[in-house]
Amino acid sequence: MEKLEALFDHIAARVNVNLKPMGIDVRPLLKNAIPRERHLLYYAFYALTEDHPISFKFVNSNLAGSYFLGKTQVDRSVLYKSDVRGDELKQKGDVVEFNGVKTKLFYDEVIRIINSYLVKTLIHNHSKNPQIPEVFRILNTVAMHYSNIHGTTTEGAYLGAFSTVDLSVLHNCVIGDFSYVQAGDLSRITIEPGRVWLRANGLFEFNYLYPEGVVEQYVKLDENGKLSGKFIDYVDDLKEDFVPIYSTATPESIIDIPDSAYVSPYAVIKGTCEIGENALVVQRAHIENSVIGKGANAQENCYIANSIFEGNNVTAHGGKVIWTRNGQNVFVGFNSFVHGTEKNPITIGRDSIVMPHTIIDAEEPIEIPENSAVWGYVTRQADLETQCVNLDELAKATDVTLGNATFKGDGKAFVEAFKHRIDHIREENGAYFDGSDKTRGHAQKTQDACFNILQPFQAGPDAGMYPTMTIGN
């Protein structure tokens, strides 16, 4: 495994060059985060469809369990169980707008990953980089377990476990464990663990910081890259369910799926489940004894158990929903943990928003009213007094402090931006499909995907590495 070790050293050196001023050394994290022998066990796979332009290029890379859609180039990178979804790539001739200024693309947009180490990480694309709109870049970046890179360009960044950078451009930044950042262009900044920060310059800013000691109960990454906490315990208890479907190139569905819906062959469907029309369940989602209603979706690394989604629900990447009834149009944000039990179920009223990185860990039955936003750390109904607000009331607000959360700015703009984005997600995922080409989304476009696999060398200095590969269109 000489070349694999050399690749790890190379990536660590490149990242440390950027992050040394921030006081972080990624070498011990990379050395211990993933046992090297696992790189011999997993195969990489990529999907091909008629709706996504093909232009893969893998050079001297470890691609364990990866998934690719759309134009991608990878150069000397480790992508361990990562998803690289180029399903919203812009095309030559498209006109894009940044801050009111329009520009036409000179060529098709590509995803370009260089010297990166992405552990069980999603890379989605809806680029917000006005400087180079044709290139969705990720350079010299380390992202730890179950973190999300979503719609962003990162350059010299470190993402802690279960963290999310969303619609942001990061330069030499450190994002703490279980932090969520959607704050625009950031440079040389450290985000503490457990911070939820949403900012739109000149419009609004939302800030929440978890109480001391809470985040460590759910996610804790030590200085040697060892991960512990309730989140990882929950995921580890279910990881064996994925073994059978990743043991074959063409897993078969075990339930009836409507013609307008899509369930990835690399998702787990367990127990008694029901999938509605226009629903979408993507790779590495885990669904057990649950109803996924019409137009609802479960995105990458979602875990849904003993729950009912009434319809048009969105569960963003990494969301976990257990013993919960979600009314129509409920949104559950990135890496949120909505954990009810049979004796202490959770009910979320229609049109409500569970903010990204929210923990609802029920010690008694909890009911969230319709048309609400909820955030923070909730274990009892009384906790909602300082961590839940009616969306119509928030839309009228300009300055709010509730518990550890503060909001300043245009409440109406904040609520409308959230609702617009959630509706965009539904539209892109095909929730509103009516049989016409215009309304097709991911649930319809990926139905005919075929999956191809690559296996690593098993011996010699190349052990753990994958062969060089180029695919053109």
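Predicted model: local features only at pLDDT ≥ 70, side-chain atom pairs only at ≥ 80, totals over all residues.
**Burial, cores, sheets and rings**

Me: Where does Val354 lie, and which residues does Val354 touch?
Reply: Val354 lies in strand E39, residues 353–354. Leaving out residues up to four places away in sequence, Val354 touches Phe331, Val332, Gly333, Ser336, Val338, Ile348 and Val374. There's also Val330: 24 residues away in sequence, but 7.8 Å away in space, C-alpha to C-alpha.

Me: How do you know that Ser147 is buried or exposed?
Reply: Ser147 comes out at 1% relative accessibility. The cut-off for buried is under 20%, so Ser147 is buried. Ser147 belongs to the loop between strand E12 (135–143) and strand E13 (148–150).

Me: What makes the pair of Met144 and Ser147 a polar contact?
Reply: The backbone oxygen of Met144 is 2.7 Å from a polar atom of the Ser147 side chain. The limit is 3.5 Å, so that distance passes.

Me: On to the cores. Which residues have the most contacts inside the largest nonpolar core?
Reply: Tyr158, Phe206 and Phe414, in a core of 68 residues. Helix H1 (residues 2–19) gives the largest share of this core, seven residues. Apart from it lies another core of 32 residues, including Val263, Phe309, Val354 and Ala362. In soluble globular proteins, nonpolar side chains tend to be buried together.

Me: What is Phe414 in contact with, neighbours within four places in sequence aside?
Reply: Leu198, Phe204, Phe206, Met355, Leu394 and Phe407.

Me: What makes strand E26 and strand E41 edges of the sheet?
Reply: The open sheet has six strands in the order E26-E29-E32-E35-E38-E41, with parallel pairing. Strand E26 (274–275) and strand E41 (366–368) each have a single partner strand, so one side of each has no neighbour in the sheet.

Me: How do you know that E35 and E38 pair?
Reply: Strand E35 (residues 324–326) and strand E38 (residues 346–348) share three bridges, in the parallel sense. Pairing needs at least two, so these two strands pair. Thr324 stands opposite Ile346 in E38.

Me: Why is the pair of Tyr146 and Phe162 called stacked?
Reply: The ring centres are 5.1 Å apart and the planes are at 25°. The limits are 6.5 Å for a pair and under 30 degrees for stacked, so stacked it is. Tyr146 is in the loop between E12 and E13, and Phe162 is in the loop between strand E14 (153–159) and strand E15 (164–166), so the pair ties together parts 16 residues apart in sequence. Both Tyr146 and Phe162 are buried.

Me: What makes Tyr234 and Tyr303 edge-to-face?
Reply: Their planes are at 80°, with 5.9 Å centre to centre. Edge-to-face takes over 60 degrees, so the label holds. Tyr234 is in helix H5 (residues 230–238) and Tyr303 in strand E31 (residues 303–305), a link between parts 69 residues apart. Both are buried.

Me: How do you know that the charged end of Arg195 sits over the ring of Trp197?
Reply: The charged end is 4.2 Å from the ring centre.

Methods. Residues numbered from 1 in each chain as written. Heavy atoms only, no water. Core = buried A, V, L, I, M, F, W, Y, C linked by side-chain atoms within 4.5 Å. Buried < 20%, exposed > 50% of the residue type's maximum accessible area, 1.4 Å probe, protein only. Helix = DSSP H or I, 4+ residues; strand = E, 2+ residues; numbered from the N terminus. Contact = heavy atoms within 4.5 Å. Polar contact = N/O pair within 3.5 Å; in protein donor to acceptor, adjacent residues only side chain to side chain. Phe/Tyr/Trp six-rings, centres within 6.5 Å; stacked < 30°, edge-to-face > 60°. Lys NZ or Arg CZ within 6 Å of the ring centre and 35° of its normal.
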